[in-house]
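Dear colleague,

Please find below the structure I am handing over to you. My notes on what was found in it follow.

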Amino acid sequence: MKIQVDKTKKIPLYKQIVEQIQAQITSGEIPDGFQFPSERQLADALGVNRTTVLNAYKELKADGLMASHVGRGTVAVSTAGEYPVKTIYQKEPIWEFLYSDYLKNHEPFDVNKYLEIANQKDVISFAAGIASFENLPTQAFEGIEAELLSRQKELLVSPVAGFSSLRKVISTYMQKRSCFCQPSEIMVLSGSQQGIDLITRAFINPGDLILIEEPSFFPAIQSFRAAGAKIMAVPMENDGMDMEILEQLLSRYRPKFLYTMPAYHNPTGICMSLAKRIRLLELVNKYGIPVLEDDPYGELYFEGQPLSPLKSMDKNGYVMYLSTFSKTISPGLRLGWICTGKKLIHQLCNIRQLADLHSNCISQQVVERFIVSGGMADYLTLIRREYKERRDIMAEALDRYAPPGLSWNIPAGGYYLWCTLPEGVSAEALAQKAAAGGVAILPGMPSYLVTRKGEAHVRLNYTFPAKNRISEGIRLLCEAIRELLRLSKEAAWPAENEINPIL
C-alpha cells in the first residue's frame, strides 16, 4: 500500500487517502483481506491528524471497501465482479508501520547531510569532529604486523572488557591525571560513543529524567531521546554549567544521572572552572546523583596546565569517567574506555556482549604498544602545539574577515570554535550557502533540546581541515554570511520604509 498526501491541494486530506486506497483495492493492488494499519499508525506515517485517517476509514467502510473484524483489525474487501482483481502483494514490508518506539524517538535532525558535504572533494570542512590526517602517528603502527604474527592468539578474541594488559596500561595512564583506579574498574570500548550508549541502556527506562548541559554533545542527546528519556537542560555560562539552576533541578527532580563534558566542551569549547567542578561534586554527593563525565579532549590543552578530571576529585564513586583515543591517536582506531566501579563494569559487560562482544584486537594492541613505548606522550606534545597553531590561524582569519555581528570564543583546548551569527542569519541557511561555496559547517540546532535555540550558532572545527586552507575557508564562510545579511536587509526594506497614514 502506497499513500501520499499533498497538503497544498484543495482536496481534503481524508479524501486523498480514500481515493488512493479505493484505486488500489479496485485494481487488485491491495488484495482481499489485506490488513490495514491502525488509524494511529497510518496517521503517524503520513504526518496527519488521527481524525483524518478515521474519517477516511469510515468512508471506505461505508462504500463496502473495508471491514473491521475482532482479532483481525481493519481489512480490505475485494470488489470482485465489478473490476478485474489482480492478486498483487506488497513487494516489501511497510517498514514505517513496524519500527520500534526506540527508532521513533530518535532525533530526526539529519546530521549526515552535513558530514556528506564535508566529505566531498575540494570542500573545506569545518563540520566534522575529526583529528588531523596531516599528523597521524605512523610510528604507532610501524612494525605492528610482525609483532602481531608472533602473538597470533591475541588476534582471535579479547575479553569483553578488553585485554587485561591494556586495561592495566590505561589504569597507569589515568594515574598521571590523578585518577587512581584499578584495571578491574576499566572497560575498553569501541569509541566513547559506545560508552554513552551502554550507560543509556544500563540506566534509562522510558520516562526517566536526566540532566545535560545546554548546548550539549548532540549524539548524546540523540542516544538519551532514543531510549525514551525525559531530558532537562542546565544552561552554560562562560565557565561551565549554571550551578544555581543545577541545584534547583537536582533538588526538585532527582534525575537518574547528569551528563557533562567539563573539559573543552563540544560544541562550545568551554572549560569548567575549578570552583564549579568542586561545587558540582558537592551537589551530586548531596543529592546522590551519578555523573557521566565525557572527557575526549582533556589532554588537548593549549595554555598552562589542564584541570584534573572530575573523576580525580570524586571520593565516593559518583563519577563514571568516559574518554577515547579516537580524538588523540587516530579517529579510525575507534577505541575508548570507561572507568567506574567494578559492579557497574560487570553489568556493562553483560550489555555490551549482546552487541559487538569486544573492541577490535588490533586497535587494542596498537594503543597499548604506543603508550608503553612513550610515543603517546610525545605525540600529545606535538598535536597540542599543532592544534593551537590551527586554532590561532582560524581566530586570526575571523578577525580579518568577520562581518559585523559575528562573534566567537577562543577555546583554551579541544577541537572547536563556537560562533554566534549576526541577527537575521540562520545557521541552516548559512550551512547551505557555505556548502555551495565549498565550505562545510555544523549548525548549532542539534545541540539544543529545542532546535530553534541553536539557529544563531555554528560550530567550526579547526583540527581536520588542511592547515593551509583554514584562512581561505573562513574567508568564504564570511562572504556567505555577508550575502545572507544583504538578502535579509533587502527582504526587510519595504516594511522598514513604509509610510503609514496619520489619523
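Leu 307 counts as partly exposed because its relative accessibility is 31% (buried means under 20% relative accessible area, exposed over 50%, and partly exposed in between, with a 1.4 Å probe and protein chains only). This leucine sits in the loop that runs between strand 9 (291-294) and helix 12 (310-313). Together with Leu 274 and Ile 278, Leu 307 makes a nonpolar surface patch of about 230 Å². Patches are made of residues with over 30% relative accessible area and no salt bridge, joined within 9 Å for like charges and within 5 Å for nonpolar side chains (Val, Leu, Ile, Met, Phe, Trp, Tyr).

Please note that this is a predicted model, in which local features need pLDDT of at least 70 and side-chain atom pairs count only at pLDDT 80 or more, while totals for chains, interfaces and linings use all residues. Residues are numbered from 1 along each chain as its sequence is written, and side-chain values use heavy atoms, with hydrogens and water left out.

The overall picture is as follows. The protein has 17 helices and 16 strands (DSSP runs numbered from the N terminus: H or I of at least four residues for helices, E of at least two for strands). Of its 503 residues, 50% are buried. Of the contacts between residues at least 6 apart in sequence, 73% join residues at least 24 apart (a contact means heavy atoms within 4.5 Å).

Side chains of opposite charge can pair when their charged atoms come close. How many salt bridges does a search of the whole structure find? The search finds 23 (a salt bridge is a side-chain nitrogen of Lys or Arg within 4 Å of a carboxyl oxygen of Asp or Glu). One of them joins Glu 247 to Arg 279, with the closest N and O atoms 2.8 Å apart. This pair links distant parts of the chain, since Glu 247 is in helix 10 and Arg 279 is in helix 11, 32 residues apart. Asp 44 and Arg 40 form another, at 3.5 Å between the closest N and O atoms; being 4 residues apart in helix 2 (residues 39-46), they are separated by about one helical turn. In helix 15 (residues 375-401), Lys 388 and Asp 392 are likewise 4 residues apart, about one turn of the helix. Salt bridges that share partners also join Arg 177, Asp 295, Glu 299 and Arg 384 into one network.

Finally, some backbone details. A cis peptide bond joins Glu 214 and Pro 215, with omega about 5 degrees, and Pro 215 lies in the loop between strand 5 and helix 9 (218-226). The bond from Asn 266 to Pro 267 is also cis, with omega near 20 degrees. Arg 254 is not a glycine, yet has a positive phi of about 45 degrees; its place is the loop between helix 10 and strand 8. Arg 334, not a glycine either, has a positive phi of about 50 degrees.

Yours sincerely

Technical notes. Accessible areas come from the Shrake-Rupley method with a 1.4 Å probe; for residues, only the protein chains shown count as cover.
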